[in-house]
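Visitor: I'd like to go through this one with you. Can you put it up and start with the terms?

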Amino acid sequence: MRKSNHIVVMSIGLCLALGLTSCKHKEGEYHSVVERIEAMSADYDSVTVSSTPFLGEIETLEVHVHGQRFLIPESKKQIKGFACTECHTGSLEDLPKRRKKKAHWDIKLEHADSHTMACTTCHNPDNMDQLTSLTGSQIDFDYSFRLCGQCHTQEYKDWSGGAHGKSLVGWAPPRASMTCVNCHNPHQPGFPTKWPVRFNSQVQKERE
């Protein structure tokens, strides 16, 4: 009895082994998703996809942040009235004190309290065409994300990896991402509270 059971077990094992080694499946049937991808992409080795044609007329520059290389839109060409030194020929302290409306009268700084931030916290008073870091180093307007990254370290890291911020185009390389100032107003970076587009009256009735 034991001998017959042993023979049965050996027979089953042999069948399974033969089944695994001589597996035949119909065309279009695969054992795994990876196998299917490899089979269906065999004829596309020479095909490449690029997002470059979709950038259109957007002028970009390449940056290297936290080991990542990607494209960002040029900022200075989007700033009205740049270069600043066309009007700011001296330092902020040297500007005449006039009673009439100032050039930047419509800018309200709501980034931090007045004891923490002022215009010269970010703008270089000795060269208005440059921003300034907390240590006094000059930062080009096109690289203003370096200024933001001094305080917003986690968002800066997430942005460099592609987890924070919006893409200029699609998923295909080269990667092109918006910078901090493309989405946030640097003087008032917080987004205003918004109501839903549609008011759900049914939910309101249920709450009552």
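Guide: Helices (H or I, at least four residues) and strands (E, at least two) are DSSP runs, numbered from the N terminus. By that scheme, Thr132 sits in strand E3, residues 131-132.

Visitor: Is Thr132 buried or exposed?
Guide: Thr132 counts as buried, at 8% relative accessibility. Buried means under 20% relative accessible area, exposed over 50%, and partly exposed in between, with a 1.4 Å probe and protein chains only.

Visitor: What is Thr132 in contact with, leaving aside neighbours within four places in sequence?
Guide: Contact means heavy atoms within 4.5 Å. With those neighbours left aside, Thr132 is in contact with Thr120, Thr121, Cys122, His123, Asn124, Ser137, Ile139 and Leu147.

Visitor: Where does the model come from, and what are the ground rules?
Guide: This is a predicted model: local features need pLDDT of at least 70, side-chain atom pairs count only at pLDDT 80 or more, and totals for chains, interfaces and linings use all residues. Residues are numbered from 1 along each chain as its sequence is written, and side-chain values use heavy atoms, with hydrogens and water left out.

Visitor: What pLDDT does the protein average?
Guide: The average is 81, and 79% of the residues score at least 70. pLDDT is the predictor's confidence in each residue, from 0 to 100.

Visitor: Where does pLDDT stay under 50?
Guide: Over residues 18-22, and for that stretch the model has 0 contacts beyond four places in sequence.

Visitor: Now the overall layout. How many helices and strands?
Guide: The protein has 7 helices and 4 strands. Along the sequence they follow the pattern α-α-β-β-α-β-β-α-α-α-α.

Visitor: How many of the residues are buried?
Guide: 19% of the 208 residues. The protein exposes about 17,000 Å², and carbon and sulfur atoms supply 55% of that area. Accessible areas come from the Shrake-Rupley method with a 1.4 Å probe, and for residues only the protein chains shown count as cover.

Visitor: On to E1. Which way do its side chains point?
Guide: They alternate along E1, residues 60-65.

Visitor: Which strand does E1 pair with?
Guide: E1 pairs with E2, residues 68-73, in the antiparallel sense over 6 bridges. Two strands pair if DSSP finds at least two bridges between them. One of the bridges joins Thr60 to its partner Pro73 in E2.

Visitor: What about the turn?
Guide: E1 and E2 form a hairpin with 2 residues between them. His66, in the loop between E1 and E2, has a positive phi of about 50° although it is not a glycine.

Visitor: Back to Glu62. How accessible is Glu62?
Guide: Glu62 counts as partly exposed because its relative accessibility is 49%. Beyond its neighbours within four places in sequence, Glu62 is in contact with Arg69, Phe70, Leu71 and Tyr143. Glu62 and Ile72 are 10 residues apart in sequence and 6.5 Å apart in space, C-alpha to C-alpha.

Visitor: Which residues make up the largest nonpolar core?
Guide: Leu61, Val63, Val65, Phe70, Ile72, Phe145, Tyr156 and Trp159, 8 residues in all. E1, E2 and helix H5 (153-161) each supply at least two residues of this core, and E1 gives the most, with 3. A nonpolar core here is a set of buried Ala, Val, Leu, Ile, Met, Phe, Trp, Tyr and Cys residues joined through side-chain atoms within 4.5 Å.

Visitor: Last one. Which peptide bond is cis?
Guide: The one from Pro173 to Pro174 is cis, with omega near 0°. Pro174 is in the loop between H5 and helix H6 (180-183).
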